[in-house]
Every structure is written in structure tokens, then in C-alpha cells.
Amino acid sequence: MSTFSGFNLEEMVNMTPLKTGQEPQEPRVEQLMSKLRWLLQGKRALEEEINEVKSVCDSLQKELATLQTEAYQLEGIHKEKEELCRKLQFQCEESEQDSARQLNQNQQSEELLEQYRCEIQEYKLKLRKQRMKFEKQLHQLIEQHKNLHSIFTPERLPDEIQTIESTKSQLISAEQLKLAQLFRLDEELDNVRKQKQLGATAAEAAEQ
């Protein structure tokens, strides 16, 4: 049964069934006018429903267009996010490789620094032994000078003193040379430490 806003089409067109042997009667004017008004009301109701459906359809079309636009935008954002993710992953892999290289360099620097420390300690010990040897030789020369003072005449004393002073100056010069070498080794050790600190700072910056 088809209805439009409470109107029954079958009722609008259905005529009262005739009994057997009964002749059809002509409908009265009042009945025809009533049915006509009923049909006009149904037509208006049907037009209103058609307009309402049309309006809903237009709204759905607009909503569909909006959703498609948003879908395109979201798809573009998704592609941008994927590209950014790939870039970040690549940068992360590079940072890990840089960190591994920096760690290897730091380990090598530490080993080299330890080697320099051992060499400096050995050189200091050697320099100390040489200094003790020089001091012993100087003491022996002073004792010899004291002994020779009683043997040689006072006229030769200035020459002997000059000789001793010359020997002393040579010993002092040799000692200063050794100290200068030790100072250079200390500077090299400081440079290695600074390089190690710079490498550690660069590694921390790369991890961040």
C-alpha cells in the first residue's frame, strides 16, 4: 500500500464495489469534488516530500564533497608525515653511525693519551736520574775543587774556578734542555686532552 503524508492512493481511486447484478451508479458531484481536493492535497504533500528529499540529497552531496576534500588533505598530510618519518629515520641512522665513529675515535684518543702518560712518566724518571747524576757530578767537582785548592797555587785558582763554572753552566744548560723537552711533552698532552673534550662535546651534540 502506497501512502504520501497520510494519503492512501488506493483509497483515493478505489470505488465501492458493486454487488452482483447491480448497475453502476454515477458518482455524485460532492464525492468527485472531495476526491479532487484529496488528490490535490496528496499532490502538494508529494511535492513537499520531493523537495525535502531533494534538499537532503543536496546536503549529502555537499557533505560528500567536503569529506572528499578533507580526505585529499589528510592523504597529503599522511604523505608528508611519511616523508618526514623517512628523513628522521635516515638522520637517526646517520647519527648512530657518527656516534659509533666518535666512540671509536675517543677510544683511540684515550689509548694514545695513556701511552703519552706512560712515556712522560718514563721521561720524568729518566730526567730525575740524570739530574741526580749531574748533581752528584757537580758535588764531586766541588769536592775536587776543594781538594785542588790546597794543591794548586792561588794564581791558578781563577782558572780552575772558571773551568768549574763552565762545567756547571753546561750541566745547567743540559738540564734546561731536558726541562724544555718535558714542557713540550706536557703541551702535547694538553692538546690531546682538548681534542678529546671537543670530540665528546660533538658526540653529545649529535645525540641531541
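The model described here is predicted. Glu 204 has its place in helix 3. With a relative accessibility of 52%, Glu 204 counts as exposed, because the class begins over 50%.

Glu 204 can also be placed relative to Ser 99. In sequence, 105 residues separate Glu 204 and Ser 99, while in space their C-alpha atoms are 8.7 Å apart.

Helix 3 covers residues 157-207. Within helix 3, Arg 193 and Asp 190 are three residues apart, or about one turn of the helix. Their side chains form a salt bridge, with a distance of 3.8 Å from N to O. That distance qualifies because the cut-off is within 4 Å.

Both partners are partly exposed: Arg 193 has 36% relative accessibility, and Asp 190 has 37%.

Shared partners also link salt bridges into a network, which joins Arg 131, Glu 135 and Glu 175.

Helix 2 spans residues 29-149. Two of its residues, Glu 75 and Lys 79, are four residues apart, about one turn of the helix. Glu 75 and Lys 79 form a salt bridge in which the closest N and O atoms are 3.9 Å apart. This pair is counted because its distance falls within the 4 Å cut-off. Glu 75 has a relative accessibility of 42% and counts as partly exposed.

Arg 86 and Glu 83 also lie in helix 2, three residues apart, again about one turn of the helix. The side chains of Arg 86 and Glu 83 meet in a salt bridge with an N to O distance of 2.5 Å. Arg 86 is partly exposed, at 48% relative accessible area. Glu 83 is partly exposed as well, with a relative accessible area of 35%. Both residues get this label because partly exposed lies between the buried class, under 20%, and the exposed class, over 50%.

## Overall count

How many salt bridges does the structure hold? There are seven in the structure. Among them are the bridge between Glu 75 and Lys 79, the bridge between Arg 86 and Glu 83, and the bridge between Arg 193 and Asp 190.

Methods:
Residues numbered from 1 in each chain as written. Predicted model: local features only at pLDDT ≥ 70, side-chain atom pairs only at ≥ 80, totals over all residues. Heavy atoms only, no water. Buried < 20%, exposed > 50% of the residue type's maximum accessible area, 1.4 Å probe, protein only.
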